[in-house]
Amino acid sequence: MKRLTVVGIALVLALAFAFTNLSAQSRQTKVVFVRAQAAILSHPSGERVQDLRQQAEAELGELLASIQELQGRVAAGQQLTAEENERYQALVTSAQAIEERYRQEIDAAAQPAVQAVNAILAQLAEENGYTVILDADKARELDLVVYADTDLDITQLVIDRLAAQ
């Protein structure tokens, strides 16, 4: 446990040093954050993305409930019949196929929003001298950032630019 703490402290110190004392860079590092999903969903195609996600959840919900019921029986020590095993395999295969189909549909529906958000982020980076733009949700999810001032969040600025297009 102590070794992990020492490694963690060393990593934080190395990152702090990298962001505060970069002598090889000729310009100051300017890091900001954006909640990319919020920006994407604010785009006109974001409503379609949200609808597809809800459809996927509804369609997969029933299949996943059936799969979990069978898995629960196995976990409780019950043997599944050959028919139940076949049903389980069919449910898993169906769920995977439906999930993949919706993933592709959602990716396609989100593409115009992703392109628009990326273009706006590039404009804002150029206009304001941002050297790094991080996805706030991913950074939080992966514990990449311990603290960030709320003033560094440019999500509303991106949403406003999207609305003005």
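1. Helix α4 passes helix α6 in a right-handed crossing (the near helix is turned clockwise from the far one by less than a right angle). The model is predicted, with local features needing pLDDT of at least 70 and side-chain atom pairs pLDDT 80 or more, while totals for chains, interfaces and linings use all residues. Residues are numbered from 1 along each chain, and side-chain values use heavy atoms, without hydrogens and water.

2. α4 spans residues 82-128 and α6 residues 155-164; helices are DSSP runs of H or I, at least four residues, numbered from the N terminus. They pack at about 115°, axes 10 Å apart (axes are lines fitted to C-alpha atoms over the stretch in contact, and angles run from 0 to 180 degrees between N-to-C directions).

3. On the α4 side the contact (heavy atoms within 4.5 Å) involves Ala116, Val117, Ile120, Leu121, Gln123, Leu124 and Glu127. On the α6 side are Leu157, Val158, Arg161 and Leu162. Eight of the contact residues are nonpolar, one polar and two charged (Ala, Val, Leu, Ile, Met, Phe, Trp, Tyr, Cys and Pro count as nonpolar, Asp, Glu, Lys and Arg as charged, the others as polar).

4. Ala36 lies in helix α2 (residues 36-42). Ala36 has a relative accessible area of 15% and is therefore buried (under 20%, 1.4 Å probe, protein chains only). Ala36 and Asn118 are 82 residues apart in sequence, yet 9.4 Å apart C-alpha to C-alpha.

5. Helix α5 (residues 136-141) gives the largest share of the lining of the second largest pocket, three residues. That lining has seven nonpolar, one polar and four charged residues.

Technical notes. Helix = DSSP H or I, 4+ residues; strand = E, 2+ residues; numbered from the N terminus. Buried < 20%, exposed > 50% of the residue type's maximum accessible area, 1.4 Å probe, protein only.
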